[in-house]
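Here is a set of questions and answers for a reader who is new to this structure. The sequence and the model come first.

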Amino acid sequence: MSDQKTTTTGTAAATPPAPAPAGGAAKQGRGVHVTERAAEEIQRVIGEHQLPATSWVRIGAKGGGCSGFTYVLDFDPNGPTEFDLAFEEHGVKLVVDKKSEFFMGGTTLDFNDGLLDRGFVFKNPQASGTCGCGTSFSA
């Protein structure tokens, strides 16, 4: 299954067209996306933790987990470097390092608001496998 979640595995969803990265055009099926619901939650967290309104959301992949890679989601006050790609969607500024984007191109960050599976969800079309809990993937 190609969908990846931070909590559980779900069903496939259509991936929207890639947003244009800051300073250039996105390749088809590449880049990272954020849903309106995830953007609302990100903005809520920024306000709740009194982070600067100019904070970037850094997403990526790092080695680890039972399937090979784990997802990374954090706030970055500095923004992109020369090793990153930057995107903006629904008022949220996203940054992903180029190496992670290779494994996560076309990924959509969503947010589940259910009682049992509340949290951010990564829907990664590049993933060839996932662990049972959905927090790690293989590519």
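Q: How many bridges join strand 1 to strand 6?
A: This is a predicted model. In it, strand 1 and strand 6 run parallel. The number of bridges joining strand 1 to strand 6 is three.

Q: In which sense do strand 6 and strand 7 pair?
A: Strand 6 covers residues 107–112 and is joined to strand 7 over five bridges. Asp-110 has Val-121 of strand 7 as its bridge partner. The two strands form a hairpin, with six residues between them. The sense of their pairing is antiparallel.

Q: Which strands stand at the edges of the open sheet?
A: The open sheet has three strands in the order 1-6-7, and its pairing is mixed.

Q: What is the average twist from one strand to the next?
A: The sheet in question is the open one with the order 1-6-7. Its twist, averaged from one strand to the next, is 25 degrees.

Q: What angle does the direction of helix 1 make with that of strand 6?
A: Helix 1 spans residues 36–48 and packs on the sheet. There it touches strand 1, strand 6 and strand 7. Its direction and that of strand 6 make an angle of about 65 degrees.

Q: How many residues of strand 7 are buried?
A: Strand 7 runs over residues 119–123 and is mostly covered. Buried means under 20% relative accessible area. Of its five residues, the number that are buried is five.

Q: Which element gives the most to the largest nonpolar core?
A: The largest nonpolar core has 21 residues, and Val-34, Ile-42 and Val-92 are among those with the most contacts inside it. Val-92 touches Val-34 and Ile-42, including also Phe-87 among its contacts. Several elements each supply at least two residues, including strand 2, strand 3 and strand 5. The element that gives the most, with four residues, is helix 1.

Q: Is Ser-100 buried or exposed?
A: Ser-100 has its place in helix 2, residues 98–104. Ser-100 touches Gly-60 and Ala-61, and a polar atom of its side chain lies 2.9 Å from the backbone nitrogen of Ala-61. The relative accessibility of Ser-100 is 2%, so Ser-100 counts as buried.

Note on methods. Residues numbered from 1 in each chain as written. Predicted model: local features only at pLDDT ≥ 70, side-chain atom pairs only at ≥ 80, totals over all residues. Heavy atoms only, no water. Buried < 20%, exposed > 50% of the residue type's maximum accessible area, 1.4 Å probe, protein only. Pairing = 2+ DSSP bridges. Polar contact = N/O pair within 3.5 Å; in protein donor to acceptor, adjacent residues only side chain to side chain. Contact = heavy atoms within 4.5 Å. Axes fitted to C-alpha atoms, helices over the stretch in contact; angles between N-to-C directions. Core = buried A, V, L, I, M, F, W, Y, C linked by side-chain atoms within 4.5 Å. Lists of a residue's contacts leave out its neighbours within four places in sequence.
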